[in-house]
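Dear colleague,

I am passing on the structure below, which you have not worked with before. Please look through it first, and then read the notes that follow it.

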Amino acid sequence: MQSVIQKIKAIENEEKRRKGDDRLSKYNVGEKVHLKQLAFHKCQKKNRWVFGGNRSGKTECGAVESVYMARGIHPYRENKDNVFGWVVSLSWQVQRDVAQNKILSYINPSWIEDVTMLSGKKESLKYGVIDQIRIKNVFGGISVIGFKSCDQGREKFQGSSLDFVWFDEEPPEDIYDECRMRVLDKCGDIFGTMTPLKGLTFIHDKIYLNTENNPEVWYEFMEWADNPYLNKNEVELLTKTLSDDQLSSRRYGRFKESSGLVYTEFDENIHVLKEPIHIPLDWQDTISIDPGLNNPLSAHWYAVDYDGNVYVVAEHFEAGKDVVYHSNKIKEICKRLNWKTDGQGRYHTLIDSAANQKTLASSKSVTELFYECGIIANPRVNKDMFSGIQRVKQYLKVNDNKSKIYIFPSCVNLIRELKTYRWGEGENPRKIDDHALDDFR
C-alpha cells in the first residue's frame, strides 16, 4: 500500500513540477501577463495590433495568442480544432531569434506532433529555422503553425486558407494585403505586434488612423511602464540616455515623424476615455458647430466638471446634407443625452461666424435656418487661429498622466483629425481635414 501511495505522490509532484516549468500556465494565471496584454487577448476584433516599445511585452502577446489558437485553449474566444496559422517575420534570422523562440517557449514539448525544418535539426529547434510545427489540439486534431519571412516576397504568401496570421513587426503592405485574403474564407484573425520605426507607413494610416473605417480594427500602445517585470532602475537609466525621438518609438511605441503635427500634446491613451462616463446635467456646457454643405458639418457636445476639466461627449459629422437634416440629427443626439434646453425646448450652440452670411442659394443665413429648426446658433466666437490653437494645446498638456480635456471614444472624427493635423506654410496649419478641429477650437 505504501508503495502505491508513494507512486501517486510522485505523479502529483511531477505534475506540479511540469506546471511550474510551463510558461503558458504561469501566463494564464496572471503571473506573467500585464493588463494591456490581457486587453489584447480579451479583444474580440478580427484585426488587432499592439504598438509597443522594445521590451514592453508586445511579442509575448503574439506568441501566446498563436499558441492559444493552435492548441484550442484560448480563454476568451471560441476554440476550434485543426487550426492553421502563420507567424510572419521580417527575415528568417529574425524569425529564429525572436518569434520562433517565443513560440517554442510557450509550447510544452509533449504537445508537438512533428516539426518540419528549413535548416538545422529537430533535436535543437531553437538553433534552426522552422518551416512548420504540428501541434496536438485539445479537441483531438492537429493544428499547424507555419513560419513565413517577408523577404520571400508576396508570391510565397498566396494559396493557403488560414485561421490566423501574426505579424511580428510591420510587414510590407503587399504582404499584409495578401495575408488579409488568406484569412477571408475562414473569417480568421490578423494580429500584429510592432515598434513603429518606419515613420507614417500604411499601418499608421490603415490601423492607427483607420482610414478604411473598419469596425474590426483595434490597437493598443504599450510602453516600458506597462511591463511590471522590467527593472525600474534600468528603465530610468536608459530613459536618460535616449533622445525624445528615440523615446517616442523605443519606449512608448509611438509613430515617428510627428514634428509637423500641430497637436503634439495629444496622447490617445490619456485624452481618449476607454469608456464613456456619466455626465450630470450641471456639467453640460454647450454644443459647437462647424457648418458645411458639400464639406462635412461637424458638431460636438461639451461638458465641464467641477474642477474645470472639459469632456467632449458626442459627435455629429456628415457631409452633403441640408440644415433641416443636421438640425434633426443634432436634436436626436440631444434627446439621447438628455441635453439641457433654454426652457422653450431650444438648444443653444456656438457656430462659425461665417454662418451669418447669406448665400445665393438662400435668402436666409445658416444661423437663421438653424433658428427656424429650434437651434439657437451663436456666431459671436473668437476665430483667431493662433490663440485658439494655443488654448487647445494648453488643455491637451499632460501633467502626471492627467489632462484638462477628455474625449469620448465615439468622437472618431475628432480623434482622427487630432492625430493628423499638420502645419503648412508659415504659422498656419494645412487647411485639410480639419472640420472637427475647427469646432473643437
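The protein carries 63 positive and 64 negative side chains, and the centres of these two sets lie 4 Å apart; here Lys and Arg count as positive and Asp and Glu as negative, while His and the chain ends are not counted, and the place of a charge is taken as NZ of Lys, CZ of Arg, CG of Asp or CD of Glu. Please bear in mind that this is a predicted model, in which local features need pLDDT of at least 70 and side-chain atom pairs count only at pLDDT 80 or more, whereas totals for chains, interfaces and linings use all residues. Residues are numbered from 1 along each chain as its sequence is written, and side-chain values use heavy atoms, with hydrogens and water left out.

Of the 441 residues, 48% are buried, where buried means under 20% relative accessible area, exposed over 50%, and partly exposed in between, with a 1.4 Å probe and protein chains only.

Helix H4, residues 58–71, has 14 residues and reaches 21 Å from its first C-alpha to its last, close to the 20 Å expected at 1.5 Å a residue (1.5 Å times one less than the number of residues). Because 14 of the 14 residues of H4 are buried, this helix is largely enclosed by the rest of the structure, and just after H4, Gly72 takes a positive phi of about 75°.

Strand S5, residues 142–149, is also mostly covered, with seven of its eight residues buried. Strand S2 (residues 84–89) pairs with S5 in the parallel sense over six bridges, and Val87 stands opposite Phe147 in S5; two strands pair if DSSP finds at least two bridges between them. Strand S4 (residues 129–136) runs antiparallel to S5 and is joined to it by five bridges, with Gln132 having Gly146 as its bridge partner in S5.

Finally, Trp111 is found in the loop between helix H5 (92–105) and strand S3 (112–119), and it counts as buried at 12% relative accessibility. Leaving aside neighbours within four places in sequence, the residues in contact with Trp111 include Val67, Arg71 and Lys136, where contact means heavy atoms within 4.5 Å.

With best wishes

Terms used. Helices (H or I, at least four residues) and strands (E, at least two) are DSSP runs, numbered from the N terminus.
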